[in-house]
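User: I would like to learn how to read the architecture of a model, one feature at a time. Could you give the general idea first and then the case at hand?

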Amino acid sequence: MSLQVSDLRVYYRTLAGDVKALDGATFAVADKEIMGLAGESGCGKSTLGNSLIRLDGRMKYVAGSVTLDGNELPIWDSKEMVQYRFWDVSEIPQYAMSAMNPTRKIGKMISELVQSRGKRYSEIKPELQHRIDLVGLQRDVLDRYPIELSGGMKQRMVMVISTLMDPALLIADEITSALDVSTQRAVAETLVSFRDHGFVRSMIVITHDVSILYQIADSILIMYAGKLAEKASTSVIIEKPLHPYTRMLVSSLPEVGVRYADKKLSGIPGSPPSLLNPPTGCRFRARCPLAFSKCREEPPFVEVERDHWVACWKATGTDA
Amino acid sequence: MLSLDRVSKSYKIGTFGGKDLLAVRDVSFDVMTGEVVSLIGESGSGKTTVGKMILKLIDISRGTITLDGEDISRVHGSGVKSYYRHVQGVFQDPFSSYNPIFKADRVFSLIRTEYYSGMPSSEWTGKLEAALRGVSLDPGQVLNKYPHQLSGGQLQRLLVARALLLDLKILVADEIISMLDASTRIDVLNLLADLKSRGMGILFITHDLSLGNYISEKTVILRRGAVVEMGATDKVFGHPSHPYTRLLVSSVPQLHKKWAQIEEELGAPVAGISGCPFHDMYPLAGRMPERPADEPTLVQLEDDHFVGCFELESEKVRQVA
C-alpha cells in the first residue's frame, strides 16, 4: 500500500473563522494507481492535494495522518517535510506555465535545483535528456528560456522536472485545464507513460474534468463541500455511481454525440454550501433530490462493495 | 441575419509596428436568426478576434460584415448605439466583466440611462424582472448585490439578461461557460438554446468541441485564422474530413469511449502530417498550389459541409473533371 490518508482535516484560517475546506478524508492510493480527484470548485480538492505536500500560511492542520509506504509524513511541520518533497512526494502545480524561473535558462534552473538537493547536475543529465526525448521535446530546450516554449511544452518540461527524482507520489493539480484539446491529450497520455515507465509510483490527478479522468485514471474520488462523496474504479464511477451527486455530475456532462435537440441535459440546481459554517448532516442534502429524514445525520464514508466507497444513506441501504 | 464575407484582420506587431500579423484570414459564414453557430479553435486561432470585429470593438482590415444587409463598418456616431441594441456580447470571465466597487445590477441601470431614459419606473421594473426570469434568476436573489456575493453562473446569466433587455438579434458568446463549474455550465448552455428558440442568432465561441456539438446547428472550425472546415454540426462531427478536425475530434476526452477507440473509428492517421503552410496537417508536402487572390479556399464536400484543404480540393476538382 502506497499512500494511506486517514481522517485528514485541514482548515483555512480567516478573520470570520475556520473554513472547513477538508473535513475528514480517509482513503488509500495503491502502488501503480492513478487516482483522479474531481469535484466543483471550492470542494476542497486542491486543499487535499496541497496538504499532502505543503501547507501554506493560511492552512491549518487540524487532525489526521498521512502515511506513505509505512512512514508517516509530518505534514504539519513544513521544515520536516523538506526531506520528503521532490524526493518522495512531488507536485505538478496548477499554473505550470509560470512555474519556471523566467530569468534562468531551463538547464541552469534544473542544475540549481538539484544542487540545492545535494546532487550533481552532470549525474542526472543523461536521465534528464532521456526523459526530455520521451515527452517529445528537443534536448536543446535546456539551453532555452521558459518564454521560448509554448504552453504545452512548458507543461511537459515541468512534468519532467517534477518527476526527476522518481517520487513515490505525484500530485498533478489541474494540469490540463489551460491547454487546447490536442495538447491536453498529449499531456494526459504523458502522465500515464510516466507511471508505466516507473518514474512515478502513484499519482493523484486533480481536475474538474471527469472525462479526462475517464481516459487516464484507474480510480476516481469525488469530493463535495470538503467531504469525500464516493471513490471507486473509473468504470464504476462513470457507469454505475451510487452517490446522487456523482450521478448528477456525470450526467450533466455534454459529450461529442449528445445534442441539445435529442437529449436535454440538466445541471445540479443550487450551489455548494458555505464551508465557514457547513450544515450538519449530509452536506449535499439541500441539493439532493433523494434527501430524506435520515440525511440530517452525517453519512459515514463506507465500503459498500469491494473498492467502492460511498457516503450516502441511500447507497448504504439504510433506508426508512 | 449577420453575414461575414471574406473578413480578414491584421495586427501590427514588432517594434514600431513594422510587421503584420494576419490573425484572421478570409473568414466567411452567416449567423441566421434562431441559429447557434459555434466557432471552434484553439488558442491563437483568431476566434475571439472574429467576435470582437462583430462587436465593433476592433476594425476590420479587409472584407465586410453585414447585419441585415447593412455594412457594420459604415455604422458611425449615433448609429453605433442602435447597432448595440441588436448586437451584444458576453465574455469569458464573469468576475472581470463587473466593476467590483458597484453593485452588479448597475449593468442594468446603465442600459436604462442609455436606451430607456423615458421609461417609467414601474414599466422598467417589469421589463427587468421579465428579463431575469428569462434567464431563470430570481430577481430578489440577485438584485442589490455586489459581484462577489453572486456565483459565476449567476453573474454570467445577469449579463445575458442585460443583453435581453435590448431588442437583440445577435449574441456573441465568447467562451462564456469555460470558467463555470460542471454542475452549472449546462444550465447556461441550455439558456442559450432557449434564447435560440426565441429567434435570436448566437455565435458561440469555444475551444470545447463537446459543448459546441451539444448546442449548435452549424460549426465553423478555425485554425491560424482560416476556416478549415465548416458546415452542419452533425456533418462536421459525423464525418470530419480535414486532418486538423480529425485530430481535434480524436483528442476530445469522452466519457464512454477511450481515445484509442475513437482513433480507430476515425480510421486514417491523424498525427504526424506536415507541410501545409496554412494548416500543419497538410497531407502531401510540397504540392501547395498557387492560391489566386479571389478564389474560394473552401470546397463543398456534401450539402452544407465545406472543407479547406488543398489536397481535398484538388481531389474534388479531379472528380469534377
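User: How many helices and strands are there in chain B?

Analyst: Helices (H or I, at least four residues) and strands (E, at least two) are DSSP runs, numbered from the N terminus, and chain B has 12 helices and 12 strands. This is a predicted model, in which local features need pLDDT of at least 70 and side-chain atom pairs count only at pLDDT 80 or more, while totals for chains, interfaces and linings use all residues. Residues are numbered from 1 along each chain as its sequence is written, and chains are lettered from A and ligands numbered from 1 in the order in which they are written.

User: In what order do the eight strands of the open sheet in chain B run?

Analyst: Two strands pair if DSSP finds at least two bridges between them. In chain B the order is β6-β7-β8-β3-β9-β10-β12-β11, with mixed pairing. Because β6 (87-90) and β11 (299-302) of chain B stand at the edges with a single partner strand each, one side of each is left without a neighbour in the sheet. Direction ignored, neighbouring strands of this sheet are turned by 20° against each other on average. As one example of pairing, β10 (residues 226-232) and β12 (residues 305-307) of chain B run antiparallel and are joined by three bridges; B:Gly231 has B:His305 in β12(B) as its bridge partner.

User: How is the packing of α6(B) and α7(B) described?

Analyst: Two packed helices are described by the angle between their axes and the distance between the axes. Axes are lines fitted to C-alpha atoms, for helices over the stretch in contact, and angles run from 0 to 180 degrees between N-to-C directions. Helix α6 (residues 152-164) and helix α7 (residues 182-197) of chain B pack at an angle of about 10°, with their axes 10 Å apart, which means that α6(B) is roughly parallel to α7(B) (angles under 35 degrees count as roughly parallel). On α6(B) the contact is made by B:Gly153, B:Gln156, B:Arg157 and B:Val160, and on α7(B) by B:Thr184, B:Asp187, B:Val188 and B:Leu191, where contact requires C-beta atoms, placed from the backbone, within 7 Å.

User: Which strands does α7(B) lie across?

Analyst: α7(B) lies across β3 (36-40), β7 (170-174) and β8 (201-206) of chain B, and runs at about 155° to β8(B).

User: How many residues of chain A are in contact with chain B?

Analyst: 29 residues of chain A are in contact with 29 residues of chain B. On the side of chain A that touches chain B, α6 (181-196) and α7 (210-216) of chain A each supply at least two residues.

Note on methods. Contact = placed C-beta atoms within 7 Å. Parallel < 35°, antiparallel > 145°, perpendicular 65-115°, else oblique.
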